[in-house]
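Thanks for coming, everyone. Please look at the sequence and the structure as I put them up.

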Amino acid sequence: MRLVASLACLTVLLAGCASQPAEQPTPIAPPGPPAHAPIETELHAVTGTLLGVPAGAEVELALLHVDEKRRPERLLGSLRLRGNGQPLPFLLRFNTEIFDTNQPVELRGRVTQDDRLTMVLPARRIATGDNQSLGALQVVPTP
């Protein structure tokens with residue numbers, strides 16, 4: 001008797017579910033940028049092309065505020081690339097609001113292969129927070 005009652009209840013519940021129209025999911029709007037994220041007009045970029053990067057090598061570029069002894073103080077922007085044996089174009093974005101023209105800024109780079117530092121991009125002074133094209137930059141073997 002209990003089995004029959006349970007089956008009857010289950011049948012009623014399933015019938016009730018089947019008779020309701022399927023609800024369309026409400027589309028969720030993609031989240032906007034966080035309140036602290038810079039808006040597009042506050043972002044500028046340093047661009048160029050790296051020469052001499054071996055295929056498969058990993059390149060790390062960093063735009064840094066440096067002190068009077070050229071020690072890094074603050075990271076303004078960074079970028080990772082993978083070498084392909086050809087000239088390697090790059091575009092490194094940074095927030096102009098944190099670019100201090102009264103403090104030296106340098107673009108630095110390093111090239112690693114098999115987790116070993118093999119080449120560097122000699123430090124390049126960046127004088128302004130404007131968009132800049134640095135042209136072709138040669139990486140050199142580490143000493």
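E60 and R110 form a salt bridge, with their closest N and O atoms 3.1 Å apart. E60 sits in strand β2 and R110 in strand β5, so this pair ties together parts that are 50 residues apart in sequence. A salt bridge here is a side-chain nitrogen of Lys or Arg within 4 Å of a carboxyl oxygen of Asp or Glu. Strands are DSSP runs of E, at least two residues long, numbered from the N terminus.

A word on the source. This is a predicted model: local features need pLDDT of at least 70, side-chain atom pairs count only at pLDDT 80 or more, and totals for chains, interfaces and linings use all residues. Residues are numbered from 1 along each chain as its sequence is written, and side-chain values use heavy atoms, with hydrogens and water left out.

Back to E60. Is E60 buried or exposed? E60 is buried, with a relative accessible area of 18%. Buried means under 20% relative accessible area, exposed means over 50%, and partly exposed is in between, using a 1.4 Å probe and protein chains only. R110 is partly exposed, at 43%.

E60 also forms a salt bridge with R80. The closest N and O atoms of E60 and R80 are 3.2 Å apart. R80 belongs to strand β3, residues 72-82, and E60 to β2, so the pair ties together parts that are 20 residues apart in sequence. R80 is exposed, at 58% relative accessibility.

Now widen the view. E58, E60, R80, R82 and R110 are linked in a network of salt bridges. How many salt bridges does the structure hold? The structure holds seven.

One more pair. E106 forms a salt bridge with R70, the closest N and O atoms being 2.9 Å apart. E106 is in β5 and R70 is in the loop between β2 and β3, so that pair ties together parts that are 36 residues apart in sequence. E106 is buried at 7%, while R70 is partly exposed at 46%.

Next, the strand pairing. Two strands pair if DSSP finds at least two bridges between them. β2, residues 58-66, and β5, residues 105-113, run antiparallel and are joined by eight bridges. Follow V111 in β5. V59 stands opposite V111. In β6, the bridge partner of V111 is M119. β5 and β6, residues 116-125, also run antiparallel, with seven bridges between them. They form a hairpin with two residues between the strands. D114 in that turn has a positive phi of about 55°.

Then there is an open sheet. Which strands form the open sheet, and in what order? Three strands do, in the order β4-β1-β7, with mixed pairing. The edge strands are β4 and β7, each pairing on one side only. β1, residues 43-51, pairs with β7 in the parallel sense over five bridges. L50 stands opposite L137 in β7.

Last stop: N95, in strand β4, residues 88-95. N95 counts as buried, at 14% relative accessibility. A polar atom of the N95 side chain lies 2.8 Å from the backbone nitrogen of E97.

That is my tour. Questions, please.

Conventions:
Helix = DSSP H or I, 4+ residues; strand = E, 2+ residues; numbered from the N terminus. Polar contact = N/O pair within 3.5 Å; in protein donor to acceptor, adjacent residues only side chain to side chain.
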